[in-house]
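Keep the viewer open as you read.

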Protein chains: 2
Amino acid sequence: MRTVKSEIRVGLIGLGTVGSGVVEILSKHQEDFRTKTGVDVVLAKAADRDESRAQALGLPAEIACGDASLVIDDPDIDIVIELVGGINPAKDFVLRALKSGKNVVTANKALMATHGKEIMEEAEAAGVDIAFEASVGGGIPIIHPLKESLAANEIEKVIGIVNGTTNFILSEMAEQGILFEEALAEAQRRGYAEADPTADVDGLDAAAKIAILASIAFNSRTTSDRVFTEGIRKITPSDIAYARDMGYAIKLLAIAARTAEGIDVRVHPTMIPLAHPLASVNGVYNAIYVVGDSVGDVMFYGQGAGSLPAASAVVGDVIDVARRLAVGNPRLIGCTCFFDIPIRDHLETRTKHYVRMRIIDKPGVLAQIAKTFGDNEVSIESVIQKEPSEGGAELVFVTHVVKEKNLQKALSGIERLEVVNEIANHVRVEG
Amino acid sequence: MRTVKSEIRVGLIGLGTVGSGVVEILSKHQEDFRTKTGVDVVLAKAADRDESRAQALGLPAEIACGDASLVIDDPDIDIVIELVGGINPAKDFVLRALKSGKNVVTANKALMATHGKEIMEEAEAAGVDIAFEASVGGGIPIIHPLKESLAANEIEKVIGIVNGTTNFILSEMAEQGILFEEALAEAQRRGYAEADPTADVDGLDAAAKIAILASIAFNSRTTSDRVFTEGIRKITPSDIAYARDMGYAIKLLAIAARTAEGIDVRVHPTMIPLAHPLASVNGVYNAIYVVGDSVGDVMFYGQGAGSLPAASAVVGDVIDVARRLAVGNPRLIGCTCFFDIPIRDHLETRTKHYVRMRIIDKPGVLAQIAKTFGDNEVSIESVIQKEPSEGGAELVFVTHVVKEKNLQKALSGIERLEVVNEIANHVRVEG
């Protein structure tokens, strides 16, 4: 193999959780990477506004700096790793690095899911690579397999458990029978959830990730804001118990499917059959289930977060780019959004639905509710009435596959019935 | 992206199960592949000794031929797909194709697990690619992820369910409570097992696959003949029932681990905790569980056999090579066996063991058996005595982690005891 470069110089921006993992892996396996790539992969510069972080990691003074521009503007750096997170100033860092001819590796899902197009185009124009395996599923290889190993497939569907925090919360609720608030507190205690858990529990993090996966799977760009998103705050132990009785687990699923009317892309708590491989993915683990027209069902499982798992994906991308630079190859796989497929209106989505409501327990109630469902073309697969606990009874319906639009209309109608106290929850059902 | 070739010509040898899947995918997705690779991927020639197969697939006369040499010697062919299987004449076909400067894609696990070194060296000398993603796990991406996405890791362990036939048989035995012979007959009836099921049920197929995975995971060549291999013929419904009672499933696992004394590589029926992700991989599905020092645990799951899943992996490799040829890049990742790590003697393996024996039910028997275990440094974690069924009682032991050597000695000693009728079975325990 001809070698055109004997050293690949890496600049790192952001020395937080993932950044410190990257520093650890690069130093621990430097010799190994030399063997694998044929060149030395060297951490040349590391920037963090909080300069004490570099010190804590034992980085020498000539590597550490407080200003990201010292990384971006360094003409000797081949690969910039952006681990700042969020849109600003990360976007500026990434675009400037690309413009100056540097390859960029990032774990930034928010950035890629909102400004992916602009970033891809900048990389294309500059003739450099932009790699972002770590942006989805932590250390789980998923972006490369979708672009490469599964390239022979028309991907039909991607279903992911892509947020470890919410999966931990739902697993705890299921195992311990505790409330959402209690499970969230436990997640925070263990460091799995932020003090402000919004991005996780309201599904925003998962929405960014499924936007990225959908873009790659269907070769058509999807952005976060196009993803129908619903979080897990309303799920109760009683929903989980009903689900289990009916043979389902409740998971926060990120779903992207190819349909005749466009791409169906959404994040919401979902009831999934207990026998489905995703149903037994528990705790902070992530899994991405992919259906292709040739390969059938495949699933990728692993730790979706954490310092070293995410750093594994980042450094995997760095090695990929380094291997290419070592032999002087031009960039290979850039943007794969060749098509422009519309996103289907969420109201057109067809699924089964679980609906739990509190009613006034008197004769004729079921008939009124059933009529409202029927009037809106929602047919019912099963219904369970449960004995009253604190006044009023509970009715649990599972519908046949119906349009979201019809279900919403039916629920509005039912909410207006005098015999209905409350629609306590409503969960979509897959599979 | 500069394009140096506008058409990539593919020659196919072998139009059996996987070959027909390849023909189907190449014809169905030709336009899609042009978009993805920037070139036309064209099936230029297809050889099979049975010329009726090409006809049955509707291949035009100018593509079909009965002689593999017409593919190998065609100067216009860029990529040869070898799907003949077995060592001969596949080895000759592959080496001749490589020597004549053609890239080769193969699904041939037996060939790669025995002659991988020679084939890799020939590809290196000729400056062409040899790709074999389909040789392990059917359509599941595993070889690429191990070489690329997980390159930042020192891989510690690979545990695979890599043979769908035996996994189907064990799943049927567990679900239906039937005998091995009955489950095998069902597998044959469904086309999951050959008339001569030796390669599957005796673990030889799995041994070839774990030899390939171990070579890649540890960057050191392992061949089939170095893999300790034991099949599933001796497993009974009663072993499966005992296992379940103790919280385990029995699976044919292919295991490769890095140890201080060398590579531990083996295939045998294994008891694995029911909570382990591999325990719920049932039917003809395959899964490969990988432990890396950074990524932690990851698992790859999917259909390990079948026409289209395996063809998905083959065509994925073809697209990979075509993308490279399209821009005129030199080959990138060749052989990754950079080291020469010894294979550890199987007798040095340390695991727990499950041992089921039939004994004469009288006082003092347990003491004699326990003493024989003890004399050979085998300590016991648990013991169950079961009521006699057809004369004599049954004792089931689970040992602590012990050396295989010591366990074997203990079993020899126990077999010689007059109070022991038979050591009915012995299954290793993982995790």
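A residue counts as buried here if 20 or more other C-beta atoms lie within 10 Å of its own, with the C-beta atoms placed from the backbone. Keep in mind that we're looking at a predicted model. With that cut-off in hand, turn to strand β7 of chain A, residues 155-161: five of its seven residues are buried, so the strand is largely enclosed by the rest of the structure.

What does β7(A) pair with? One partner is strand β11 of chain A (residues 285-292), joined to β7(A) by six bridges and running antiparallel. To find the spot in your viewer, look for A:Gly160, which sits opposite A:Ile288 of β11(A). Another partner is strand β9 of chain A, residues 248-259, again antiparallel, with four bridges. There, A:Val158 faces A:Ala256 in β9(A). As a reminder, strands of a sheet pair through backbone hydrogen bonds, in either the parallel or the antiparallel sense.

Now hop over to chain B and pick out B:Leu253, which belongs to strand β9 of that chain (residues 248-259). Is B:Leu253 buried or exposed? It has 23 C-beta neighbours inside 10 Å, so it counts as buried. Leaving out residues up to four places away in sequence, B:Leu253 touches B:Ile159, B:Gly160, B:Ile161, B:Thr270, B:Ile272 and B:Glu430. By contrast, B:Gly177 is 76 residues away from B:Leu253 in sequence and 21 Å away in space, C-alpha to C-alpha.

Back in chain A, there's an open sheet of six strands with parallel pairing, in the order β3-β2-β1-β4-β5-β6. Its edges are β3 (64-65) and β6 (130-131) of chain A, each of which pairs on one side only. Inside that order, β1 (residues 7-13) and β4 (residues 79-82) of chain A run parallel and share four bridges, with A:Ile13 opposite A:Glu82 of β4(A). Helix α13 of chain A, residues 307-327, lies across β1, β2, β4, β5 and β6 of chain A, at about 165° to β5(A).

The buried residues of α1(B) include B:Val18, B:Val22, B:Ile25 and B:Leu26. What do the buried residues of α1(B) pack against? The list is β1, α2, β2, β4 and α13 of chain B.

Finally, how do the two chains meet? The contact takes 48 residues from chain A and 48 residues from chain B. On the chain B side, the elements giving two or more residues are α2 (30-37), α7 (143-147), β12 (296-303) and α13 (307-327). The largest share of that side, eleven residues, comes from α13(B). By type, the chain B side divides into 24 nonpolar, 15 polar and nine charged residues. Strand pairing also crosses between the chains: β12 of chain A (residues 296-303) and β12(B) pair antiparallel over five bridges, and A:Val298 has B:Gly302 of β12(B) as its bridge partner.

Conventions. Residues numbered from 1 in each chain as written. Chains lettered and ligands numbered in written order. Predicted model: local features only at pLDDT ≥ 70, side-chain atom pairs only at ≥ 80, totals over all residues. Contact = placed C-beta atoms within 7 Å. Nonpolar A, V, L, I, M, F, W, Y, C, P; charged D, E, K, R; others polar. Pairing = 2+ DSSP bridges. Buried ≥ 20, exposed ≤ 12 C-beta atoms within 10 Å, placed from the backbone. Axes fitted to C-alpha atoms, helices over the stretch in contact; angles between N-to-C directions.
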